[in-house]
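Work through the exercises below with the sequence and the model open. Try each task before reading its solution.

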Amino acid sequence: MTTSSSTVSSGTDSQPAPPTRVPHRWRNLFTLTGATVVDSTEGGMLSTLFPSIAASLALDSSHLGRLSAVAKLASAPAGPAWAWLAGRTSRKFVLVTTSVLGGVFGIAAGFADGYLQLLVLNTLMSASIIGGAPIANAVIMDSFEDRRRAQATAFFYGIVNATGNLLGPVLALYTRSPDGWRYGLVTMGAICIVAGVAQAVFFKDPGVGASDSTPAEPTGGRVRRAQNLRASLALFRIRSYTIMMISRLMSGHLLFMVFGVQFLVTDRGFDNATSAIVLVPAGVGYLVGIFGSGWALPIIDDRFPAVGRVAFLQAAQVVFAVVAFFGTQFGYTSIVVYGVFWFLMSVAQGMNAPVNRPIIASVVLPESRGQAFAIFITVFETLGWAFFTFVGGELAVAIGMQGAFLWFLVVLMLVNAAFLSLLYRTYPRDARHVHEILAARRAVALKG
């Protein structure tokens, strides 16, 4: 027997809310993808250009680790700050502003004449663009009912990462000339500015809690609750949310796309352009993983309403670790073989976003989701990402990239999968609690 989306996510038999179809939701989703393509955590384009940058500026893998780590560390406080600004102005204003600012700094980075300038400008670009990520996730949760959030998230991150991976080989063509990486950075900046213009013209904010059929907040994109430090810290009283934050700090697969091309150049002997070819099957694999997950998760929710999402998230970590072991710990002579492994690792990587975002949305009230995603994406995700890239770069110099990949892509991912077992106890209860609050709000609204 098929259960409702509200019942699925919460594990309760209380009366579900009628599904609410939010206007312009698909147009909004596509509009939100633009700037995120350039600096998404799962596949930033800068790493594709780095071997050429390293040759031009006399850098090594540790510089890539520092470049990426500093940018993400700066993004950690920037994300909640942008979320706060969205509460004081509007979500649309912040989306447009962060895209345009990111584009300006990206173009300026193309004219850097040394590592220090590149470091500063890349950091400013990342700290700008990151502001759109938690807002985009909150808008998607506000636009789609619980049952369809996995599919919507799959479309969003599928477009973002597939586009980034498919653009990778195109940008790598710039590296055939000594200063080609500069044109690549300028192209990245231009994409951000175009995205900002598109958001200004086409984005229509659905309003906080629109898809939950409850008057969580006034429409128009302002979120005046949950913007202070006390309210943000209160999120960690939700055990499932805390577990998801800690898990993100153990998501070693974040290192995969950062050093993947560099690994093939330094440890396997391929040139930059040839190594970048693996980004094509990686992009396809991510699409398979993320769209397949978006299709499968509603079915899993129906059959295993209390624990299906948790088991799926665990499986994503285990599959990635197993494939990464065979793909990075053994040497192969053909780039085609690596393309197959990059495809399979990307399938496993793509399984994450359609399930972890809906899990968070299910245990956090609508008016708190923007800040919840700001903490998840721009604090815990970026701190973990900064740690992996910095330590990974330093460890690569000390023991080789293959050794670094063993610890981060294999061992740590298996530890993460085991840690997620805690959700089997906390998630059904936390999701049911949110469902009951929303049901009570709807009852009050109907009586009034």
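Is Phe263 buried or exposed? Phe263 has 0% relative accessibility, so it counts as buried. The cut-offs are these: buried means under 20% relative accessible area, exposed over 50%, and partly exposed in between, with a 1.4 Å probe and protein chains only.

Ground rules come next. This is a predicted model, in which local features need pLDDT of at least 70 and side-chain atom pairs count only at pLDDT 80 or more, while totals for chains, interfaces and linings use all residues. Residues are numbered from 1 along each chain as its sequence is written, and side-chain values use heavy atoms, with hydrogens and water left out.

**Exercise 1. Classify the ring pair of Phe263 and Phe405.**

Step 1. Recall the rule. Rings of Phe, Tyr and Trp (its six-membered ring) pair if their centres lie within 6.5 Å; planes under 30 degrees apart are stacked, over 60 edge-to-face, and the rest tilted. By this rule there are 17 aromatic pairs.

Step 2. Apply the rule. The centres of Phe263 and Phe405 are 5.0 Å apart and the planes stand at 40°, a tilted pair.

Step 3. Phe263 sits in helix 13 (residues 256-266) and Phe405 in helix 20 (residues 401-419), so the pair ties together parts 142 residues apart in sequence. Helices here are DSSP runs (H or I, at least four residues), numbered from the N terminus.

Step 4. Check the cover. Phe405 is buried too, at a relative accessible area of 0%.

Step 5. Widen the view. Ring pairs link a cluster that includes Phe263, Phe405, Phe270, Tyr332 and Trp342.

**Exercise 2. Classify the ring pair of Phe325 and Phe326.**

Step 1. The centres are 5.2 Å apart and the planes are at 80°, so this pair is edge-to-face.

Step 2. Phe325 is partly exposed, with a relative accessible area of 30%. Phe326 is partly exposed as well, at 40%.

**Exercise 3. Describe how helix 5 packs on helix 19.**

Step 1. Two packed helices are described by the angle and the distance between their axes. Axes are lines fitted to C-alpha atoms, for helices over the stretch in contact, with angles from 0 to 180 degrees between N-to-C directions.

Step 2. The axes of helix 5 (residues 61-88) and helix 19 (residues 366-399) come within 8 Å and cross at roughly 170°. That makes helix 5 roughly antiparallel to helix 19. Under 35 degrees is roughly parallel, over 145 roughly antiparallel, 65 to 115 roughly perpendicular, and the rest oblique.

Step 3. Sort the contact by class. The contact of helix 5 with helix 19 has twelve nonpolar, eleven polar and three charged residues. Ala, Val, Leu, Ile, Met, Phe, Trp, Tyr, Cys and Pro count as nonpolar, Asp, Glu, Lys and Arg as charged, and the others, Gly among them, as polar.

**Exercise 4. Which backbone oxygens does the side chain of Arg369 reach?**

Step 1. Locate the residue. Arg369 is in helix 19 and is buried at 2% relative accessibility.

Step 2. List the partners. A polar atom of the Arg369 side chain lies 3.3 Å from the backbone oxygen of Ala361. The Arg369 side chain also reaches the backbone oxygen of Val364, at 3.2 Å.

**Exercise 5. How many residues of helix 4 are buried?**

Step 1. Helix 4 (residues 46-57) has ten buried residues out of twelve. Among them are Leu46, Phe50, Pro51 and Leu57.

Step 2. Look past the end. Ala58 follows helix 4, and its phi is positive, near 60°.

Methods. Helix = DSSP H or I, 4+ residues; strand = E, 2+ residues; numbered from the N terminus. Polar contact = N/O pair within 3.5 Å; in protein donor to acceptor, adjacent residues only side chain to side chain.
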